[in-house]
Structure formats: C-alpha cells, structure tokens
Amino acid sequence: MSAPANEAVFQDKIDQDIRIEPKDWMPEAYRKTLIRQISQHAHSEIVGMLPEANWITRAPSLKRKATLIAKVQDEAGHGLYLYAAAETLDISRDEMIGQLHSGKAKYSSIFNYPTLTWADMGAIGWLVDGAAIMNQVPLCRASYGPYARAMVRICKEESFHQRQGFEILLVLSRGSEAQRRMCQDAIDRWWWPSVMMFGPNDDASPNTAQSMRWKIKRFTNDELRQRFVDVSAEQIKLLGMTLPDPALVWNETRQHYDHGPIDWEEFRNVLNGNGPCNKERMAARVQAHADGAWVREAALEHSRKNAARQSVQLEGVA
C-alpha cells in the first residue's frame, strides 16, 4: 500500500475513534509525537517522586507517613506503565532515560520547585495532582491504545492523591493560626506553577493543533487551564483560604473565572533548567540510576540463567 493510502487509512481510523495499536501503520511524525509526550510524562512521574520523598520521614504521624509512602510508590508505578507504553513505539527504556539524563528530554517544570513545609504535600496533592488529572483524564481517550489504557489506572490513583492532598490542607486550615499561615503560604507558592502546568497559551503552543487532529489530545491547553481555574476557585472556598491572584473574578458573560496574566518568562526559565531545583533534581535522578545499576544487572543475569535452564529442560524433553 502506498504512503498516501496508508495515511488515508490511518486518518480514517482516527476520525472514527478507532484506536491505533503498536503493529498498525502510523506516520513517523505521529510516532515521534507520542514518544515525546509519553516519555516526558513518564519522566515527570519519576522525577516527581523526589520532592515528596523528602517528607516521608518528616510527616507528622504514622498515618501520614504510610499514605505518603503509598503515594510515592504509585508514582513509580505510573512511570513504569508509561515507559512500557512508550516502548511499544520502538524506543528502549535505556534510550529514554539517557535522553532525560542528558537534558534532551523534558519533564514537568512543576517538580523544580522546593517543598519547604508539610503543607506543600497538601498543595502538591490538591493543585499539582489536580492539574495533572485535568490533563490526564482526556488522555484515557487518546488515539494510541497503549497510552490510553495506561492512563485509566493512573487517573484513578491520581484522583485519590488529589483528595489526600486536599484533606491535608483542610486539616491545616482548621488548625492553629500557625497552621493556617502555613497552609496559605503553600497555596501561594504552588498556585501559579500549577497553572503553568498546562503549557503555553494555545497561540504559542507548536504541537497542540496537530495533536488535536490526531486525537492524542482532546482539549487545548487553554481549555484545560480554564477548567482547572474554575474548579480550584470554588474549592478554595471550602478551605477558607485565597488564591494568590487579585484578578481572579467570576465572569457572568463567559460563565468562567477570569484570571490574571501568567509569568511565561518564569515558565521558560524553569523549563530551560534554571529553576530553583533543576540541578538538584537531575543530580538526584542520575545518582539514583547509577546506584540501581546492580539491581538491573542482577535481574538480567537471573533472566539469562532462567532462559538457559529452560533451554536445557526442553532439550531433555526432546
């Protein structure tokens, strides 16, 4: 079948909401777009473990320690699902991790901010995971089958993480004056980075239009950001706190909340490696990978010995 014919069959499947599977023909640009997006998503899950893991030993109770450990383990699992999904596109996990460590591949800029207090665990759960869910639920209907199926379980777990984070803030918001100040401070620091998580405005996003045509994405960056702002502006009322945006106001005509300007210079600066914790995060990730080399080598050797043992057993049967 000619390339134009393949392209027509491919796009017809997309238009009919028929999932594209690993063995199906796909344009090279579609494959590369998926690799970029899925690997960046996987890297974000793995790097995102770092700011929260710092608080496991400092959590205020045994219950809080246990739930935070469980959350960090969930994030590791999410990274595993996503790396596995990306591997179906003919790229190895070693190659993806090499791209991360070399700086060629990006991860979410949100994880380059420091976690200063226990309230940050609540703000990350409510705001960061809340923004992630807004992005990720539509991905359960992405056109690429392995990615969409991986997202189903991820979204279920992220929804729990968000509720857990909101509950942390709710307890603090009903506590002492010091706890309330800590709660408000965390919200102040994490609000705008969370709003930036949806990426550049639509008119400055080079990949959105094509990803929409391929149904990798179902909504634009600005549409998802607006949903997040609308939901958060209502939920903050339950905490008795405020969002750090004096321009935030309900627009009766649009039936949405208006919000203030986003500091895209900060976004680009952090994305380009100059955020508060970029170097610290990447150094920790590279060191962890190096420290785990013996585990990978042992697993490969165990697999090799099992294969050799099974081969001998089969020869004996023959």
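Begin with a cartoon of the protein chain, in which 13 helices and two strands can be followed. The model is a predicted one.

Now show the surface. The protein chain exposes about 16,000 Å², and carbon and sulfur atoms supply 57% of that area. Select the charged side chains: 39 are positive and 40 are negative, and the centres of these two sets lie 4 Å apart.

Then hide the surface and look inside. Buried residues account for 47% of the 318 residues. Which residues touch the most other members of the largest nonpolar core? Select Trp118, Trp126, Ile187, Trp190, Trp191, Phe228 and Leu239, which hold that place among its 50 residues. Colour the helices that each supply at least two residues of this core, including H4 (62–87), H7 (145–173) and H10 (221–239). Helix H6 gives the most, with 10 residues.

Centre the view on Leu239. Apart from neighbours within four places in sequence, Leu239 is in contact with Trp126, Phe166, Leu169, Leu170, Ser173, Arg180 and Ile187.

For the last stop, select Leu34, Ile38, Ile46 and Leu139, which are included in a second, separate core of 29 residues.

Technical notes: Residues are numbered from 1 along each chain as its sequence is written. This is a predicted model: local features need pLDDT of at least 70, side-chain atom pairs count only at pLDDT 80 or more; totals for chains, interfaces and linings use all residues. Side-chain values use heavy atoms; hydrogens and water are left out. Helices (H or I, at least four residues) and strands (E, at least two) are DSSP runs, numbered from the N terminus. Buried means under 20% relative accessible area, exposed over 50%, partly exposed in between (1.4 Å probe, protein chains only). Accessible areas come from the Shrake-Rupley method with a 1.4 Å probe; for residues, only the protein chains shown count as cover. Lys and Arg count as positive and Asp and Glu as negative; His and the chain ends are not counted. The place of a charge is taken as NZ of Lys, CZ of Arg, CG of Asp or CD of Glu. A nonpolar core is a set of buried Ala, Val, Leu, Ile, Met, Phe, Trp, Tyr and Cys residues joined through side-chain atoms within 4.5 Å. Contact means heavy atoms within 4.5 Å.
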